[in-house]
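Subject: Structure for you to look at

Hi there,

Here is the structure I promised to pass on. Please open it alongside this email, and then read on for what I found.

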Amino acid sequence: MQGTGPPAKMAERREELTPMMRQYFELCSEYEDALVLFQVGDFYEAFCEAAEVAARRLEITLTSREDSSGEYPMAGIPIDNAASYVETLLSAGYRVAIADQVQEPEEATGVVDRAVTRVVTPGTVLDDELLSAGSNTYVASLAGGESGPDAAVAFVDVSTGEFRVTSGPHGTVQDELDRFRPAEYVAGPDAEGFDVEGMHTPFEADAFGRESACERLGAYVSNPEAVVENGAELRACGALLAYAEYTQSADRGGLEYISRVTRYDTREGMRLDRTALRSLEVFENREGGDDHTLVGVLDDTACALGRRELVHWLRRPLVDAGAIERRLDAVEELTRRSLVREEVREGLREVYDIERLIARVSRGRANARDLRSLKTTLDAVPLLREALADCESDALAERRAALDEMDDVRGLIGRAIVDEPPIEVTEGGVIREGYDDGLDELRETEREGREWVADLEEAERERTGIDSLKVGYNEVHGYYIEVTNPNLDRVPDDYTRRQTLKNSERFYTPELKSREDEILGATERADSREYELFREVRDAVAAEADRIQRVAELLAELDVLATLAAVAVDRNYSRPALGAEGITIEAGRHPVVETTEPTFVPNDTDLTDERFAVVTGPNMSGKSTYMRQVALVCLLAQTGSFVPADDAALSVLDRIFTRVGASDDIAGGRSTFMREMTELTEILHSATEDSLVLLDEVGRGTSTADGRALARAVTEFVHDEVGAFTLFATHFHGLTDVAAELPRARNLHFTADRSGEAVSFVHSVVEGPASGSYGVDVARLAGVPDRVTDRARELLDGDDAAAGATPGQDDHADRTRLTNGHAAGNGDGEAATAEGGADDADIERALLEADIARMTPLEALNRLDELQRRVEERQ
Ligand SMILES: Nc1ncnc2c1ncn2[C@@H]1O[C@H](COP(=O)(O)OP(=O)(O)OP(=O)(O)O)[C@@H](O)[C@H]1O
Ligand SMILES: [Mg+2]
């Protein structure tokens with residue numbers, strides 16, 4: 001996080017500055033780590049060094065300002081579209097302090113008062129334009145544990161008031177950070193060693209103190225007792241509230257909607273760390289984009305509330321079989337009863353983002369349209385309850401019963417606010433007639449006056465005999481009677497001149513003047529009365545924030561249940577049975593790949609008696625897809641969703657681990673062998689019998705011999721000691737022998753269809769190890785001379801045999817020495833190829849060095865073509 005600091009040079013000469021600039025520099029030094037945007041009329045300005053930064057970052061013109069203290073750089077953005085500029089500054093790593101004029105210029109005696117009204121930071125933005133409707137923006141706070149848990153983490157979304165806290169060992173807290181992915185975080189002095197993607201913002205250590213935390217939490221939430229037991233959680237919550245106050249320049253008054261803290265236990269959810277979320281592409285694909293993700297396939301939600309809830313459910317699949325079944329019962333009922341499902345979804349489409357709406361209401365930022373939107377949403381509640389009237393599943397029946405129709409709030413908004421109010425709340429037109437007698441009287445006075453004026457034209461024409469006489473109104477001069485120049489001699493005595501135009505004169509009469517005062521006075525008073533009434537209504541609604549948030553929560557959950565049902569029907573998913581011994585899936589599909597592959601081939605899985613499967617097969621044959629599909633089926637089931645399979649009987653998993661070998665993760669730029677081994681360590685330490693472990697090409701990042709040895713050792717360890725459900729995709733064919741020997745392991749493989757010229761993939765998993773000779777087969781198919789392919793086969797067989805017998809040696813190097821007398825110690829390749837005898841060895845070496853398992857068929861063909869040509873040249 002960076003700011004520009006107070007522009008030093010100017011600040012030194014502070015005594016010479018104009019009052020406005022002095023005000024600017026004072027705010028700059030108060031908000032040292034922020035870039036201050038300073039309101040001057042319709043613009044936000046930055047000066048001096050800050051202006052240079054703003055001009056550069058925002059690509060706006062750097063101008064200059066001159067006053068009695070000299071000339072200095074200035075850059076400004078129009079207030080009306082400040083949001084996009086602020087966003088640019090945020091993504092460039094700045095925080096932005098908005099200094100607004102807090103006094104009407106007319107009221108100011110000297111310089112207009114300005115104050116920082118909020119500090120916009122990545123985790124605390126509130127502008128709708130900068131927030132994505134379907135996702136939460138969290139700021140997190142970390143505090144170290146005093147005794148017991150290592151640390152606590154609290155999250156708040158200031159746009160919705162969602163506020164959660166948990167604590168636990170370092171690793172689980174890290175997982176929470178990976179799941180919630182806060183845009184920003186603050187950390188107490190005792191919270192160390194966390195790796196967070198969001199921006200770290202230094203924040204006063206005092207805020208993490210126990211006492212201030214206790215006080216603050218007590219002031220905000222209705223359930224502080226949920227947290228006070230646990231010192232680390234308490235301090236994380238307190239500091240987070242303090243930070244929210246700081247950024248919103250508010251005290252509790254503006255943040256009343258943060259009224260409940262949800263304390264949760266990480267053990268209530270399946271653990272999924274960052275690596276697993278990424279490699280399973282739950283929220284984003286491996287390139288970091290949002291297409292082809294699990295959430296993308298499921299997100300057919302009807303409203304933004306539901307979309308955020310869906311993300312939340314996927315973030316935390318359940319581990320309690322009872323709770324999972326309850327969700328599944330509801331989903332099943334909604335898949336069966338399509339009419340109910342459609343009515344519910346129809347109703348939910350009327351629903352606005354009332355979580356953010358009620359937050360705006362509490363902050364006093366909501367306008368009359370927001371209140372109407374709230375009413376429209378609440379009006380959908382009785383219809384939804386009606387639609388759900390005879391639902392049998394507990395999850396639906398209980399939610400239906402808990403839905404508060406909020407007649408009081410709906411009634412109030414309906415009585416008070418007109419159907420289609422204007423955006424402005426200070427200019428009238430907001431409050432309905434009949435709501436307030438005082439207001440109605442004022443409006444009546446206004447109306448009578450206007451009628452009188454409307455009749456005046458006719459009356460004056462008669463009185464004066466001037467047919468062209470007109471009565472009109474203008475903003476500057478008020479009401480007037482206009483008479484054209486030729487008729488001026490017929491103007492009566494009681495007319496007073498108001499304005500002279502080219503072809504006419506404008507007049508008023510004493511009565512018109514007094515009527516005018518009456519009308520304008522009544523209008524002004526009515527407008528301000530309306531504003532007052534509007535604020536009363538808004539405050540009354542704000543007082544019900546708690547109840548409205550509860551409704552929002554229920555609507556969100558109903559949306560997710562109905563969506564899961566709709567997706568299950570559309571995509572032909574089936575209900576999984578949980579609590580089984582083992583993982584049995586019939587005709588399972590990968591939920592995301594099946595949406596992009598025109599013909600997805602379903603595959604079975606059986607990890608029951610044999611919990612460990614070694615998966616082999618050519619590149620591109622479907623190994624990785626298959627393994628992820630098994631994990632995703634389990635993850636979906638524990639979320640409460642139906643699954644893409646004909647049938648599934650599943651054990652409830654405590655955690656899914658994935659380790660994708662270096663070769664598969666290069667795009668992520670994160671894979672060093674060290675990292676691979678660190679993750680492997682975590683898996684070997686933490687996996688239990690109830691975990692699912694996916695190992696994809698583990699051992700890739702080191703020499704073949706080391707990798708092979710490690711793969712074997714890991715297999716034995718996981719098999720013998722851990723007992724986790726494991727799928728291990730590997731190119732080390734030697735591992736298939738190991739799997740064949742171990743009692744609770746088996747081999748599975750994918751094949752390529754080699755009929756005809758082209759190699760095509762069957763994507764169908766079969767029992768037993770892959771032959772491992774597909775590369776050579778492809779070569780033969782392509783017409784490589786028998787001599788070469790036979791030799792290659794011979795070498796490969798020897799390679800695997802050697803691997804089984806002596807893991808730990810570098811077979812490639814051995815073989816090269818065995819077959820090539822020249823190679824050892826002869827670094828001069830040019831010289832070697834010049835001799836005919838060396839060519840044999842060269843080709844052999846090239847064959848040996850070819851990493852067949854990692855080649856695409858095309859690469860293999862090219863390589864073989866090259867080798868063939870070399871052989872041909874010699875013949
Ligand atoms: N069951 C399937 N049905 C249809 N297409 C599939 C199936 N499984 C995988 N595919 C397609 O094949 C491609 C390759 O699959 P995948 O990445 O799983 O292969 P792999 O065996 O892991 O390859 P590599 O050895 O290169 O890692 C996928 O991108 C997908 O498009
Ligand atoms: Mg793969």
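Let me begin with strand E10, which covers residues 184–187. Glu184 and Val186 point one way from E10, Tyr185 and Ala187 point the other way, and all are buried. Please keep in mind throughout that this is a predicted model.

With strand E7 (residues 139–144), E10 pairs in the parallel sense over 4 bridges; here Val139 has Glu184 as its bridge partner. With strand E11 (residues 199–200), E10 again pairs in the parallel sense, over 2 bridges, and the bridge partner of Tyr185 in E11 is His200. As a reminder, strands of a sheet pair through backbone hydrogen bonds, either parallel or antiparallel.

Another sheet is worth a look. It is an open sheet of 4 strands in the order E18-E22-E19-E20, with mixed pairing. Its edge strands are E18 (577–578) and E20 (603–607), each of which pairs on one side only. Strand E19 (residues 583–588) and E20 run antiparallel and are joined by 4 bridges. Within that pairing, Thr584 stands opposite Asp606 in E20.

Now to the ligand. Which residues come nearest to ligand 1? Of the 16 residues around it, they are Glu597, Val601, Lys623, Ser624 and Thr625. By class, this shell has 8 polar, 4 charged and 4 nonpolar residues. Helix H22 (residues 623–639) gives the largest share of the shell, 3 residues.

- Val601: a backbone N or O atom lies 2.8 Å from a nitrogen atom of ligand 1.
- Gly622: a backbone N or O atom lies 3.0 Å from an oxygen atom of ligand 1.
- His763: a polar side-chain atom lies 3.5 Å from a nitrogen atom of ligand 1.

Taken alone, ligand 1 exposes 620 Å², and the protein buries 82% of that.

I also picked out a few single residues in helices.

Leu294 is in helix H10 (residues 294–298). With a relative accessible area of 0%, under the 20% cut-off, Leu294 therefore counts as buried. Setting aside residues up to four places away in sequence, Leu294 touches Glu281, Val282, Leu314, Pro591, Val592, Leu632, Leu635 and Leu636. Glu284 is 10 residues from Leu294 along the chain, and their C-alpha atoms are separated by 8.2 Å.

Thr715 sits in helix H24 (residues 704–722). Is Thr715 buried or exposed? Thr715 is buried, because its relative accessible area is 0%. Not counting residues up to four places away in sequence, Thr715 touches Phe612, Phe728, Leu735, Val738 and Leu742.

Glu457 belongs to helix H18 (residues 437–464). Glu457 has a relative accessible area of 23%, so Glu457 is partly exposed. Apart from neighbours within four places in sequence, Glu457 is in contact with Leu469, Lys470 and Val471. For Val471, the backbone nitrogen lies 2.8 Å from a polar atom of the Glu457 side chain. Glu457 and Glu482 are 25 residues apart in sequence, and C-alpha to C-alpha they are 9.7 Å apart in space.

Best wishes

How values were computed:
Residues are numbered from 1 along each chain as its sequence is written. Chains are lettered from A and ligands numbered from 1 in the order in which they are written. This is a predicted model: local features need pLDDT of at least 70, side-chain atom pairs count only at pLDDT 80 or more; totals for chains, interfaces and linings use all residues. Side-chain values use heavy atoms; hydrogens and water are left out. A residue is near a molecule or strand if one of its heavy atoms lies within 4 Å of it. A polar contact is a pair of N or O atoms within 3.5 Å; within protein, one must be able to donate a hydrogen and the other to accept it, and residues adjacent in sequence count only if both atoms are side-chain atoms. Accessible areas come from the Shrake-Rupley method with a 1.4 Å probe; for residues, only the protein chains shown count as cover. Ala, Val, Leu, Ile, Met, Phe, Trp, Tyr, Cys and Pro count as nonpolar, Asp, Glu, Lys and Arg as charged, and the others, Gly among them, as polar. Buried means under 20% relative accessible area, exposed over 50%, partly exposed in between (1.4 Å probe, protein chains only). Two strands pair if DSSP finds at least two bridges between them. Contact means heavy atoms within 4.5 Å.
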